Amino acid sequence: MFAELIKKREVLDVLVQKDFKARYKDKALGRFWSLADPLVMVIVFTIVFEYIFKTGQPYFPIFLLLGLTPYRFFTNSVNAAAGSGLDNAQLVKKVAFPRIILPFASVLSHMRHFFIELLLVLGLFLYFPAAFHLSINLLWLPLVFALQCLFIQSVAMIVAALNVRYRDTQYMLNSVLLILYWMTPLFYSFSIVPRKLALFLQWNPMVGVVEGYRAILLKGAPPSFQLLGVAAITSTLLLFIGTYVFKKYEKLFADYL
Amino acid sequence: MTDANSIADATRPTESIDSKSKMDCPAVIRANGVGKRYEMHRHRSMLLHDAAKMAFSKYEKNYFWALRNIDFEIRKGESVALIGPNGAGKSTLLSLIAKTVFPTEGSLTVEGRVSALLELGAGFHPHFTGRENILINGIVMGLTKAEIEARMDEIIAFSELEKFIDEPIQNYSSGMLARLGFSVAASVDPEILIVDEALSVGDAAFQEKSFQRILDFKRQGCTILFVTHALGNVSRFCDRALLLSHGQILEAGPAQDICDNYEARVREGRLDAPRLPYETQVLPLWKRVAAILTILSMMGVVIGAGIYFVLSSMKETAGMPEPNAIQRIKRLNENNNNKNNDSDALERAP
């Protein structure tokens, strides 16, 4: 299944390009819109959490963005993957191409947005150089990023295949994403979560990822290996489920669209 | 089974003079007892609904066979027409050969690059220009980027859309879209070409041009599968024809004969192949129980945990008085005083 993907990477490439370009066609402000959402969120959440709740988190906007940006990469890709079958129904019905390209294209397209949104983080770090910690631990970043991609891709495969067969996947996904939105330490640090709850919540791989980015960039510390380990276990498990589910429904895509 | 044998005999391309020369050619499409079954819509809805049905009633799935027991061989360089009434399974058969849909039973082998003229404009995006869409469409249909760029001028010339090629295609007329789609599809050097009725768009001149292009392919030794209701075209292109009805091959043989037979059958109302029965399947008990347990346990964990945390948080705050306005102001004042003191202290420090 994955060998096909490499053989047909030009198709994958063209689908990613199409998705990415289509988003900015005929928009006066073009790529700026990629930054608009996170910008508005940072402003609103900073007002709520710093001026009303007074969480007292140092460099809250950066702290928030280091959680929000990876999390948005996750939700956006997974949502796009769930809709990828329906959005490309014409293509799926009429052209024989490896279906696995669809979730991969969704994730890759949003990975580009993720990198664009990181410019915002970069901007804030330039404004508050004191928040940034340069250390050898920066070398852990690729590992955290790889783990994040593994998790996102696995979930994307599951929902892409399931949503073709059962359209309720999209609705179920919305609820699950809402739960995860608040159960991922975006607005708070995972260290303040009570132990009992933390044991339960740590199974969400995004916890390890978000906390990892923060530890590395804001504290210059290595990421928490316990959280990353748990995240790796969950992600690998999801990858197996995703491969199984996708294999099962792959050949039925055209039947159910 | 005598019926099946006679069909198999007729399928061998001995009848037409044209196809005799192709007898030695290897078969590029080989169908052995191919069947395609679709799930009836009634039962393919909701997950929870399914679970409830499984739990509380005798759960069954209904299937419909769109094609069954299809046996045929098509040799390299042959051109074969698929004819038959609506719902006979012609399009399903084409989709199977194009490999967008997969057979439920039997085996179907297809050798060589398939280009289907039923996918005119697949993956076209309205906001992109004609040129950009040629690239996207061509890559999706199996060309490489370099190949398309080499053929770009040729494709544009064939479509006769030079003037508008850099306009977004949302401004194209449907005829222009069809031209663009055909031009790309025709530029893919196919070994097997599938032509659906979709071809009949475009004006008379363009249709003629398209037919000529298809005849060119035929001369180059391309295998052609042709679906149409315009029987006049069949004899123009095809050596052989398969007549389908109700998901089965009714007759096979030289194109002209089959067309005549088909017309005669339509006139006399003799189109009835034995209708394929619907099929009902009852799920085994353990599958039902497993499905329900999975769904219930998943929901149970999430909802249970939610309830636990909500209740325990209420227990913790149960005895505490609700902070009233005066208390709040007092607290604020205290905070402010502390802050003032702190800042005073800081000022005094140096």
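At what angle do helix α4 (residues 60-87) and helix α6 (residues 101-127) of chain A pack, and how far apart are their axes?

A: This is a predicted model, in which local features need pLDDT of at least 70 and side-chain atom pairs pLDDT 80 or more, while totals for chains, interfaces and linings use all residues. Residues are numbered from 1 along each chain as written, chains are lettered from A and ligands numbered from 1 in written order, and side-chain values use heavy atoms, without hydrogens or water.

The angle between α4(A) and α6(A) is about 165°, with the axes 8 Å apart (axes are fitted to C-alpha atoms, for helices over the stretch in contact; angles run from 0 to 180 degrees between N-to-C directions). The two helices are therefore roughly antiparallel (over 145 degrees; under 35 is roughly parallel, 65 to 115 roughly perpendicular, the rest oblique). Their contact holds 18 nonpolar, 7 polar and 2 charged residues (Asp, Glu, Lys and Arg are charged; Ala, Val, Leu, Ile, Met, Phe, Trp, Tyr, Cys and Pro nonpolar; the others, including Gly, polar).

α6(A) also packs with α2(A), here at about 50° and with axes 9 Å apart. That pair is therefore oblique.

From chain A, the discussion now moves to a sheet in chain B. Six strands form an open sheet there, in the order β5-β6-β7-β3-β8-β9 and with mixed pairing (strands are DSSP E runs of at least two residues, helices H or I runs of at least four, numbered from the N terminus; strands pair through at least two DSSP bridges). From one strand to the next, the twist averages 15°. The edges are taken by β5(B) and by β9(B), residues 248-254; each has a single partner strand, so one side of each has no neighbour in the sheet. For β5(B), pairing with β6(B), residues 192-195, is parallel and runs over 3 bridges. B:Ala116 has B:Ile194 of β6(B) as its bridge partner.
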